[in-house]
Amino acid sequence: MDEKHERRPIDTIRESAGFMEIGSEDDSTPVTGAIEIDGLLYVVKEGGIYVVKLADQIDPGRTDANVPNVQQRILGYGSGSEVVRQTLATADALLRNGFVAEHVDKNEVLSASLAAAKDLAAMTDLFAQIAAEVNEVTPAEVKNRSASLPTLRDLEPRVNTFIQKADHTLQSLMRIVRAFFGKDAGRSWFESLRDLVTHRFGATDGFAQYLNAVLPALQFIRTARNCVEHPREDQKLIIKNFSLQSNPLVACTRFG
């Protein structure tokens with residue numbers, strides 16, 4: 001047999017059938033789906049999303065027979081969460097059922113949806129952390145005309161991160177917009193999409209009216225992001241921890 005085509009033991013190992021149990025010690029939920037994105041397999045469970053890499057993807061030259069197939073949880077939210085259901089799961093369902101035109105880059109839509117899910121999950125975690133800490137705060141007790149005010153740890157960087165993640169989610173959404181409507185739809189952010197849809201379908205179209213309604217919220221997120229990353233004297237974000245109020249009619253501490 002030609003040495004070039006000689007079958008090696010590693011070839012037998014890599015090409016044989018295998019088994020992998022997807023999950024982690026704290027996630028025994030069932031598998032609800034599998035999606036290929038950017039050449040990788042993502043397995044969706046109710047409690048998380050896992051990326052699976054075969055040994056050939058790690059060692060394509062087949063130089064080490066000991067390289068295993070691997071799995072890694074990349075998101076602690078799965079199909080049991082609205083974060084995933086309203087992003088990646090919705091995109092996958094629409095693309096699988098043939099509701100999308102052939103020109104749409106389906107991988108780009110799925111990739112952007114996964115990125116949005118990751119950022120929204122991070123925002124959800126940050127909000128829950130801060131809310132839990134606020135709920136645990138006890139009112140400041142005054143002793144000898146002095147008081148020790150409570151403090152939320154690392155408040156400024158966490159708020160900044162929350163705002164940046166919100167803007168990253170909009171960037172992922174804009175990737176999806178461009179996949180459907182082309183680059184011109186995002187030349188001037190979501191205002192371009194609003195103008196394009198209005199021109200194409202008319203001002204009374206439901207989609208055009210929806211964009212007009214949500215545009216102020218999208219603009220607010222972008223402005224907040226600019227306040228964090230490009231602050232100006234007339235446009236900046238001021239983050240305050242708990243503070244003492246002089247008005248006796250209001251609570252003694254305030255967070256804002």
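**View A. Burial and ring geometry of Trp189 and Phe190.** In this predicted model, Trp189 and Phe190 are both buried. Because their ring planes meet at 80°, with the centres 5.1 Å apart, the two residues form an edge-to-face pair. This classification applies to planes over 60 degrees apart.

**View B. Arg222 over the ring of Trp189.** The ring of Trp189 also has a charged group above it: the charged end of Arg222 lies over this ring, at 4.1 Å from the ring centre. Trp189 itself is buried, as is Phe190.

**View C. The tilted pair of Phe181 and Phe207.** Two aromatic pairs are found when the whole structure is searched. In the pair formed by Phe181 and Phe207, the centres are 6.2 Å apart and the planes stand at 35°, a tilted arrangement.

**View D. Surroundings of Thr151.** Thr151 is located in the loop between β6 (146-147) and α5. Its relative accessibility is 61%, so Thr151 counts as exposed. With residues up to four places away in sequence left aside, Thr151 touches Asn241 and Phe242. The C-alpha atoms of Thr151 and Asn241 are separated by 6.4 Å in space, while the two residues are 90 residues apart in sequence.

Key:
Residues numbered from 1 in each chain as written. Predicted model: local features only at pLDDT ≥ 70, side-chain atom pairs only at ≥ 80, totals over all residues. Heavy atoms only, no water. Phe/Tyr/Trp six-rings, centres within 6.5 Å; stacked < 30°, edge-to-face > 60°. Buried < 20%, exposed > 50% of the residue type's maximum accessible area, 1.4 Å probe, protein only. Lys NZ or Arg CZ within 6 Å of the ring centre and 35° of its normal. Helix = DSSP H or I, 4+ residues; strand = E, 2+ residues; numbered from the N terminus. Contact = heavy atoms within 4.5 Å.
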